[in-house]
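Work through the exercises below with the sequence and the model open. Try each task before you read its solution.

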Amino acid sequence: MTQQRPIVGDVIEVTTEKMAYGGDAVARHEGLVVFVPFAAPGERMRVQITEQKRNFARGSIVELLERADDRRDPPCEHFGICGGCQLQHMSYAAQLEAKSGFVRDAIQRIGGIDWPHPIPVQPSVEFGYRSRAQFKIKSVGRDAGDGPGAPQFRIGFNQASSNSVCDVMFCPVLTNDLNEALAAVRETFHKRPASPRLHEVEAASGSAGFSIQPAIGALPSGSIEVAIGEDKYRIEPGVFFQSNQSMIQQLIETVAGSCKGELAIDLYCGVGLFTVSLARRFSRVIGVESDAAAFRLARKNLVSNNAPNAEAVNQSAEEWARNFSRRQTRRNLSPPGLIVLDPPRTGAAAAIHDVGAIGAAAITYVSCDPTTLARDLRVLVDRGYKLDEVIALDLFPQTYHVETVVKLGLR
Ligand SMILES: C[S@@+](CC[C@H](N)C(=O)[O-])C[C@H]1O[C@@H](n2cnc3c(N)ncnc32)[C@H](O)[C@@H]1O
């Protein structure tokens, strides 16, 4: 007798096997893959099917029959509703193990690359680390009562898989300064709403205080300073900067490490974070950044951190790599000793072929998405590179996100 595939609304019993990138646990039912949010590996449960696709289903826990040792009570009251965190129900050790699995799985399954060595995940402080955030604002009518009533707002983060805003008074992953920013935005809005069309503000905390963009009320806006070791960086809320400042020093060490040489290229350089450190190790460094505001800050940071041998270029990485590779052929230029690339979540598809063609002795790929990383690594491997090191850093505790640094050399 053939088993019927479960349909939406059915309740089935499953045992979860492992975590999948995205933060759901994976179970199998009669060969069908079932993703279960807020479950941990090795748990037996009854789940109700909430979504049915050709190759997989998704279900929500109706009853937990056997609880994993790694399960814990989530510290945040909004967990499960707020879309910010996916893993608070798991011990921190289990989160790190899951993230090592995400990276390994992507490299193997998407990149088709065999990496038989361990993938250590460097831990972070678990809470109070996040120094950049986008606060969502939703008007929800007016106070009931006589007269027009005061406008009411929900201020916080998007709910999981929806555009509804989860009203958050305190977020345990934010730095103290960003929690203050959240409270200050709330107070300002309730006193006098900035604009009914303003649905989000960017917030960043630095070494002291916070900054909001766009400017609202009398809240601090504009650039702020972040001190990393001896160096000081100007950053702005709307411009990319690493959001876990407690791990930046470790990240820089992992990326720049003990390498040295003539020329290093820092593609997708942001405000020049790696560029400054590379300038202490190489005779000449070029940082490439397409965003005008980040480029402007990078130029300032190179000067203020005394890196005269480094320059920032306001260009897309793909354009820079294509031009360099052409000039190399025409003028017989030597390849750089090192190319660092740290693209956004979408990866470096537009640049990666030219990056591979340049033939740098070493490439360090820094990524916050193992799936696009694995796709791009495949291109580099096909161009003659081999993976030398794969290191992960937990820049984003309580979420499914993970930062990976892959060091490659020519075969
Ligand atoms: C993940 S951030 C890395 C920034 C920097 N490495 C750091 O650690 O602070 C990616 C950066 O790439 C920039 N960017 C996005 N697309 C780009 C492109 N096609 N070419 C160059 N830079 C790009 C973004 O503006 C952002 O600053």
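This is a predicted model: local features need pLDDT of at least 70, side-chain atom pairs count only at pLDDT 80 or more; totals for chains, interfaces and linings use all residues.

Residues are numbered from 1 along each chain as its sequence is written, and side-chain values use heavy atoms, with hydrogens and water left out.

**Exercise 1. The ligand**

Find how many residues surround the ligand, and which are the closest.

Solution. Step one: count a residue as near if one of its heavy atoms lies within 4 Å of the molecule. This gives 17 residues, the closest being Gln242, Glu289, Ala317, Glu318 and Asp342.

Step two: sort the shell by residue class. Ala, Val, Leu, Ile, Met, Phe, Trp, Tyr, Cys and Pro count as nonpolar, Asp, Glu, Lys and Arg as charged, and the others, Gly among them, as polar. The shell then divides into eight nonpolar, five polar and four charged residues.

Step three: look for pairs of N or O atoms within 3.5 Å, the cut-off for a polar contact. Glu289 has a polar side-chain atom 2.6 Å from an oxygen atom of the ligand. For Asp342, such an atom lies 2.9 Å from a ligand nitrogen atom, and for Glu318 the distance to a nitrogen atom of the ligand is 3.1 Å. Of the 600 Å² of accessible area that the ligand has on its own, the protein covers 87% (Shrake-Rupley method, 1.4 Å probe).

**Exercise 2. The barrel**

State in what order the strands of the closed barrel run.

Solution. Strands are DSSP runs (E, at least two residues), and helices are runs of H or I with at least four residues, numbered from the N terminus. Two strands pair if DSSP finds at least two bridges between them. The order of the five strands is β1-β2-β3-β5-β4, with mixed pairing. From one strand to the next, the twist averages 50 degrees (angles run from 0 to 180 degrees between N-to-C directions, along lines fitted to C-alpha atoms). Strands β1 (residues 11–19) and β4 (residues 44–52) run antiparallel and are joined by five bridges. Ile12 stands opposite Val47 in β4.

**Exercise 3. The open sheet**

Which strands lie at the edges of the open sheet?

Solution. First write down the order of the eight strands: β6-β19-β20-β18-β17-β14-β15-β16. The edge strands are β6 (121–122) and β16 (310–314), each pairing on one side only. Inside the order, β14 (residues 261–267) and β15 (residues 282–289) pair in the parallel sense over six bridges.

**Exercise 4. Backbone details**

Where is the cis peptide bond?

Solution. The cis bond joins Gln213 and Pro214, with omega about 0 degrees. Pro214 is in the loop between β11 (210–213) and β12 (224–228).

Definitions and conventions
A polar contact is a pair of N or O atoms within 3.5 Å; within protein, one must be able to donate a hydrogen and the other to accept it, and residues adjacent in sequence count only if both atoms are side-chain atoms.
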